[in-house]
There are 4 protein chains.
Amino acid sequence: MMIVMKEGATADQIEAVVERVESVGCSAHVSKGEEMTVIGAIGDRDHVSGLGLEGAPGVAHLVPILKPYKLASAQFRKGERSVFEIEGRRVGGENFALIAGPCTVEGRDQTLDVARCVADAGASMLRGGAYKPRTSPYSFQGLGQEGLGMLLDAKEETGLPIVTELMDVRDLPDVVEVADVIQIGARNMQNYTLLTEVGRSGVPALLKRGLSATLEELLMAAEYILKEGNESVMLCERGIRTFENSYRFTLDLMAVPVLRELSHLPVIVDPSHAAGRRDWVQPMSLAAAAAGADGIIVEVHDEPDEAICDGPQAIATERFAEYADQIRRVAEVAGKELSTV
Amino acid sequence: MMIVMKEGATADQIEAVVERVESVGCSAHVSKGEEMTVIGAIGDRDHVSGLGLEGAPGVAHLVPILKPYKLASAQFRKGERSVFEIEGRRVGGENFALIAGPCTVEGRDQTLDVARCVADAGASMLRGGAYKPRTSPYSFQGLGQEGLGMLLDAKEETGLPIVTELMDVRDLPDVVEVADVIQIGARNMQNYTLLTEVGRSGVPALLKRGLSATLEELLMAAEYILKEGNESVMLCERGIRTFENSYRFTLDLMAVPVLRELSHLPVIVDPSHAAGRRDWVQPMSLAAAAAGADGIIVEVHDEPDEAICDGPQAIATERFAEYADQIRRVAEVAGKELSTV
Amino acid sequence: MMIVMKEGATADQIEAVVERVESVGCSAHVSKGEEMTVIGAIGDRDHVSGLGLEGAPGVAHLVPILKPYKLASAQFRKGERSVFEIEGRRVGGENFALIAGPCTVEGRDQTLDVARCVADAGASMLRGGAYKPRTSPYSFQGLGQEGLGMLLDAKEETGLPIVTELMDVRDLPDVVEVADVIQIGARNMQNYTLLTEVGRSGVPALLKRGLSATLEELLMAAEYILKEGNESVMLCERGIRTFENSYRFTLDLMAVPVLRELSHLPVIVDPSHAAGRRDWVQPMSLAAAAAGADGIIVEVHDEPDEAICDGPQAIATERFAEYADQIRRVAEVAGKELSTV
Amino acid sequence: MMIVMKEGATADQIEAVVERVESVGCSAHVSKGEEMTVIGAIGDRDHVSGLGLEGAPGVAHLVPILKPYKLASAQFRKGERSVFEIEGRRVGGENFALIAGPCTVEGRDQTLDVARCVADAGASMLRGGAYKPRTSPYSFQGLGQEGLGMLLDAKEETGLPIVTELMDVRDLPDVVEVADVIQIGARNMQNYTLLTEVGRSGVPALLKRGLSATLEELLMAAEYILKEGNESVMLCERGIRTFENSYRFTLDLMAVPVLRELSHLPVIVDPSHAAGRRDWVQPMSLAAAAAGADGIIVEVHDEPDEAICDGPQAIATERFAEYADQIRRVAEVAGKELSTV
């Protein structure tokens with residue numbers, strides 16, 4: 001932590017800050033410039049933060065230097081990237097995970113149709129929601145346990161591992177029966193209860209970035225999971241909220257190279273929600289692969305016009321093989337291969 | 001819902017949309033202009049949304065007309081404002097609720113000292129956190145049940161109703177023993193599980209706006225609580241995330257008059273977290289009162305420099321009486337009186 | 001400037017950075033922590049910035065410490081606030097400037113009617129636009145020189161100093177004939193040509209903050225004017241662009257106390273454009289006064305329903321006296337008096 | 001324009017709106033729903049906007065339906081894309097323009113070295129700034145006329161067309177001597193004087209999106225140029241301002257497919273300023289090509305560590321051929337070929 005003193009801070013004020021820094025077991029290095037003095041507090045960031053020096057006499061502001069996350073940081077693995085296996089599919093490194101399936105599990109036939117289609121086209125995993133976070137209490141909230149059963153059937157038939165969302169810690173026992181990857185939605189990115197329980201479950205997690213979460217906050221949320229001993233966390237960029245309103249969310253593809261520098265964890269991109277329309281989902285999917293993402297999670301539907309939820313953004317099953325092929329070509333330029341068994 | 005057709009949409013495409021609108025029991029009014037055609041779909045908004053017409057041939061885009069919230073809307077009370085009582089303090093209407101207390105309950109003495117101070121200065125309620133949402137898993141997470149006990153003692157001694165945060169639905173039984181108002185934090189604004197359970201508890205709720213939640217989303221979150229039969233919901237503006245980084249959050253005071261037009265629910269402002277520094281908390285508190293807020297929730301500490309959490313933004317107890325007095329004067333210009341027993 | 005080295009930066013990399021810092025005449029202080037090394041570069045910020053060290057081997061990132069503006073900084077006046085006179089009206093310090101008038105000069109009668117009204121209610125200056133920046137090339141662009149003439153007539157009749165916008169440097173000779181204050185619009189905040197010429201003109205300037213300008217950028221823009229020897233600059237907060245779209249712009253009142261800490265220049269608030277509706281302009285005006293602003297610039301119209309431009313946000317002349325009275329009361333709580341001759 | 005009436009609007013209020021709409025020569029279609037009434041105003045959007053109906057009794061809000069731009073709209077060319085030639089290089093359609101060169105013209109040797117390098121690698125045009133918009137008045141402002149001369153030399157030697165920025169209308173005569181494309185910077189996107197003069201010059205324009213400009217505003221700015229009869233306008237996405245601060249700007253690649261739907265004009269992406277670091281420029285360049293951009297404008301330097309301005313984001317000349325090759329491969333997947341003579 002760097003403590004920047006105001007111009008005109010007195011020697012006594014500087015001394016008082018040094019004493020407080022040392023009182024929590026940190027060491028203080030004072031750099032006096034012509035116009036201002038900066039004090040470097042070396043030691044535990046939390047201890048120095050805890051001092052609340054922002055309000056102290058003579059202090060202008062504090063500049064954190066060390067990253068607040070540890071297990072999620074690139075340094076923790078000394079620059080090596082995390083690679084882990086999910087039912088035989090490798091995630092991270094030179095592998096590109098193509099995760100596809102319906103937004104919401106609506107029925108057995110739909111689920112099986114889509115599962116077969118994406119399996120045939122070489123997808124790595126099947127996505128599908130049984131519990132749906134909905135802005136309106138009056139909207140369809142998902143099939144719940146019944147939906148989980150349909151996902152299990154689809155897994156049995158196609159062998160594809162299942163990615164599905166958990167919203168309520170009380171549903172964890174049911175969800176772990178089915179999920180190979182537990183998805184944590186953007187609105188729950190800072191639901192610390194949920195993060196901790198998913199960490200304890202040991203099931204791999206796909207953690208979506210909150211609509212206005214900084215990359216540092218995303219990594220801190222991942223840290224909640226990692227801290228419980230669960231090492232298999234995928235970070236997921238799904239669009240952030242900005243002033244632009246000619247589409248739904250701004251897909252932040254800058255996050256891909258930046259997260260890959262800050263952290264060893266795989267970075268997945270969800271282009272469906274940001275675009276909101278299938279003709280925009282395709283170019284953004286290619287762009288994600290070109291930007292170096294470790295995978296994509298995308299919505300596919302056999303009858304998009306009849307979908308209960310988010311139909312306009314689903315890719316139609318009949319177009320999926322061609323879509324997957326284009327993704328494969330661009331991922332290759334970026335040095336990655338589609339991950340299958 | 002207005003369905004705007006593309007220029008050059010054919011008569012068949014227009015007809016197809018009309019048929020689909022009518023298929024879900026809504027009526028369709030077609031307005032043909034020189035350059036484009038607009039179809040008004042009159043009936044249940046969710047039914048029309050469910051059709052997924054964004055992707056249909058000839059459709060340019062959809063424009064929602066009706067508000068998606070009902071119980072929270074100003075129309076629901078025909079323009080009359082909600083006023084409710086919390087342990088004898090009136091909230092809403094011409095009453096101004098001054099809610100004050102420590103960010104975090106740190107110990108018995110601190111809690112009682114602050115409680116006495118704010119009670120003496122005429123505060124309406126006591127705030128204090130026993131469970132704290134923290135960005136870092138390594139930070140102090142609150143005293144939990146022990147902290148709840150200290151709040152109960154403070155209530156017994158001063159008579160002030162208690163406002164405290166709930167983060168985990170499994171803590172609800174403990175929290176309802178103490179809380180006169182359950183606070184739902186900004187990061188949990190769209191934790192639908194939590195909203196529903198707080199709705200069922202019947203305990204009045206103070207619902208903080210998410211960091212990037214639109215006012216419509218805030219009202220939809222309130223709707224989750226109201227829908228369970230709990231009519232006592234306070235909306236709380238606490239700062240939104242913007243590009244500006246010379247302070248912590250942008251306190252959105254425009255939200256005050258706008259929410260008061262859209263909804264009958266009382267609007268409270270939390271100036272502490274946005275400002276992050278006590279010398280900025282004071283002017284923003286006065287500004288909130290001037291903008292017509294129905295109350296303020298503010299952090300107060302007896303020894304801000306020693307606070308475990310957010311000390312720099314806490315108002316010192318010795319300055320609180322003067323602070324309360326200035327708030328009172330500005331609230332009067334805006335037509336409100338401090339709410340006490 | 002603080003140069004934060006990556007974990008694992010070598011001694012050679014550190015030495016190389018030190019040498020480059022010293023090569024531009026700055027001194028380098030090295031602080032070695034357990035996990036990382038930080039190098040403080042003391043001297044001219046621009047010289048160190050010019051080195052482009054962000055890309056150098058072993059460098060993690062750079063943290064600027066010194067403010068890049070000088071003449072605009074609070075330190076430049078050693079904490080004393082700027083106060084200057086405009087035709088006898090004092091701006092800054094304990095004076096509150098109420099600047100009012102039509103958005104656009106539409107005709108002689110309208111301009112005189114509004115001018116008389118605001119003069120009678122105690123306004124400090126008259127605002128009115130002859131050149132209007134319009135998003136659409138098809139919209140009314142202002143009366144130009146003819147409009148300037150009407151403003152001159154209004155000044156002659158009421159004695160009120162004139163605030164009017166300049167968009168094109170080629171119009172400067174005409175505008176200085178009339179303007180007591182030259183307004184620089186938000187879209188031109190970083191039109192450096194215009195800033196420099198207004199600086200050279202010596203006429204007091206009211207500089208509006210760009211829609212997405214940080215406070216630091218606003219102060220840098222002011223620096224362009226101040227650097228030419230023009231010391232009479234008012235900073236104007238007029239609303240920033242955020243994700244929220246239930247009103248036009250987010251009025252950033254946090255900017256008021258923060259700018260007043262960073263700079264000695266007076267801070268004016270324009271509530272009209274952000275609100276966009278007159279029933280929201282009133283509470284935001286009071287909030288600006290409560291937040292400690294040095295003044296308000298607000299739109300007033302004699303027949304708002306007939307206004308060519310922005311009528312819905314104009315306060316009607318018949319309500320202006322009452323409006324001014326409420327402003328006066330709140331400004332008094334904030335320690336200020338309306339500025340008149 | 002749709003005029004949404006408040007619930008409870010009276011028949012008289014509805015009638016009054018209809019009358020005002022008809023008074024400006026538009027026709028009004030009234031749709032009465034159970035809960036609310038919507039009035040469609042068919043005719044000239046500006047006429048209806050000019051009525052200021054937002055403030056009228058009974059009116060809830062206005063919803064614009066027609067796009068405010070005409071010449072820039074996809075409809076204007078009936079869905080066909082604009083393709084134009086610049087010194088024999090085709091821009092738009094199936095052509096991919098690779099525009100490369102130094103941020104700032106620093107000297108004759110640097111300019112020629114970079115120009116030769118990018119010409120050899122197959123670039124379409126040479127970029128280079130002689131006039132530089134700088135946040136600080138104390139920073140290097142460009143070589144001006146001397147720099148223009150160096151660009152002319154580079155063009156003579158390599159045959160590459162020149163893209164260079166114009167900031168001040170008074171420099172137009174000098175700039176048109178050299179520029180094959182006039183660049184309008186992000187900070188000048190709404191400098192209407194500049195837009196109009198560039199429109200009148202007839203020289204092709206590359207118009208950068210403002211830091212917080214919506215896509216609609218970008219198209220309105222293009223409309224200012226097109227309206228003067230200049231049909232050769234390239235739109236340029238260069239990163240927008242958001243809350244995220246772990247990189248410089250958020251490159252909005254969603255803008256690529258969306259602009260290509262809204263407009264017939266070519267869409268170019270500038271990845272250098274948003275990324276701010278060359279190792280992030282490369283993946284974002286590929287992503288732009290994958291998203292369907294019609295070109296890229298990128299910074300290249302022969303000695304990035306010695307660059308006067310923005311060195312850390314420049315691609316080194318020795319790496320440029322490989323960079324261009326990767327761009328070529330991804331652009332091919334997106335159906336485009338590098339544009340050369």
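With which residue does D:Arg209 form a salt bridge? In this predicted model, the partner is A:Glu244, and the closest N and O atoms of the two residues lie 2.8 Å apart.

The largest share, 7 residues, comes from H10(D). By residue type, this side of chain D divides into 24 nonpolar, 6 polar and 8 charged residues.

How many residues does the contact take from chain D and from chain A? Each of the two chains gives 38 residues. The size of an interface is often given as the accessible area lost when the parts come together. Between chain D and chain A, about 3000 Å² is buried, with carbon and sulfur atoms giving 71% of this area. In chain D, the residues that lose the most area to chain A are D:Phe243, D:Met254 and D:Val333, which together make up 24% of what that side buries.

Turning to the cysteines, the count over all chains comes to 0 disulfides. D:Cys236 is in no disulfide, and the nearest cysteine sulfur, that of D:Cys103, is 13 Å away. D:Cys236 is buried, with a relative accessible area of 0%. A:Cys103 is also buried, at a relative accessible area of 5%.

Methods: Residues numbered from 1 in each chain as written. Chains lettered and ligands numbered in written order. Predicted model: local features only at pLDDT ≥ 70, side-chain atom pairs only at ≥ 80, totals over all residues. Heavy atoms only, no water. Disulfide = S-S within 2.5 Å. Buried < 20%, exposed > 50% of the residue type's maximum accessible area, 1.4 Å probe, protein only. Contact = heavy atoms within 4.5 Å. Buried area = accessible area lost by both parts, 1.4 Å probe. Salt bridge = Lys/Arg side-chain N within 4 Å of Asp/Glu carboxyl O. Helix = DSSP H or I, 4+ residues; strand = E, 2+ residues; numbered from the N terminus. Nonpolar A, V, L, I, M, F, W, Y, C, P; charged D, E, K, R; others polar.
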